[in-house]
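I opened this notebook to record what I looked up in the structure. The entries follow in the order in which I made them.

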Amino acid sequence: MRLRAAGAVLVAMMAAPGHAGAAERLDGEAIRRAFEGNTVAGRYAGTNRPFSEHHHPDGRATGHNRGVPNTDACWTTTADAVCYYYGPQEKRRTYCFTVERSGALYVLRNRPSGQINGMATVEAGDPDGWSRSPASWTCDGLLSRAPGRSHWARR
């Protein structure tokens, strides 16, 4: 129910007069400050499918993507982006996004293509209770050791 409301808010924000104003591109530290301990919820561009992930300080991302619960998601920041990885080491998928903010709207763009991947809002804390269950995975930090990647978000 709440996610539908978030989708309506995103559509209304995009259509609002003055929304075409300049967006601020966030660096990795600003992304970490905005996301860490909070929930990023929105919709994917093109499909309008929902996502909602609570960004734990330990690097885990609990929640769902397109209605599929996360069972192994991790997040980190680099100098200019947020990166996520999903899956065990042998099947890991990694996605990185630059983040722009315009008011309460966050636009995530695929790196390096720059195409819009999704639009979201950042909700304080964990309003959906994604962290109520005990942690069933840990983040191993392999992303931070990949060439050209920064260190884990500070805890």
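I began with the aromatic rings and found Tyr84, Tyr86, Tyr95 and Phe97 linked into a cluster by ring pairs; rings of Phe, Tyr and Trp (its six-membered ring) pair if their centres lie within 6.5 Å, and planes under 30 degrees apart count as stacked, over 60 as edge-to-face and the rest as tilted. I noted that this is a predicted model, in which local features need pLDDT of at least 70, side-chain atom pairs count only at pLDDT 80 or more, and totals for chains, interfaces and linings use all residues. Residues are numbered from 1 along each chain as its sequence is written, and side-chain values use heavy atoms, with hydrogens and water left out.

I counted five aromatic pairs in the structure. The pair of Tyr84 and Phe97 is tilted, with 6.1 Å centre to centre and 55 degrees between the planes. Tyr84 lies in strand S7 and Phe97 in strand S8, so the pair ties together parts 13 residues apart in sequence; strands (E, at least two residues) are DSSP runs, numbered from the N terminus. Tyr84 is buried at 5% relative accessibility, and Phe97 is buried at 7% (buried: under 20% relative accessible area, 1.4 Å probe, protein chains only).

I then turned to Tyr44. Both Tyr44 and Phe51 are buried. Arg66 lies over the face of Tyr44, at 3.9 Å from the ring centre; for this, CZ of Arg must be within 6 Å of the ring centre and within 35 degrees of the ring normal. Likewise, I found Arg60 over the face of Trp137, at 5.9 Å from the ring centre.

How values were computed:
Buried < 20%, exposed > 50% of the residue type's maximum accessible area, 1.4 Å probe, protein only. Helix = DSSP H or I, 4+ residues; strand = E, 2+ residues; numbered from the N terminus.
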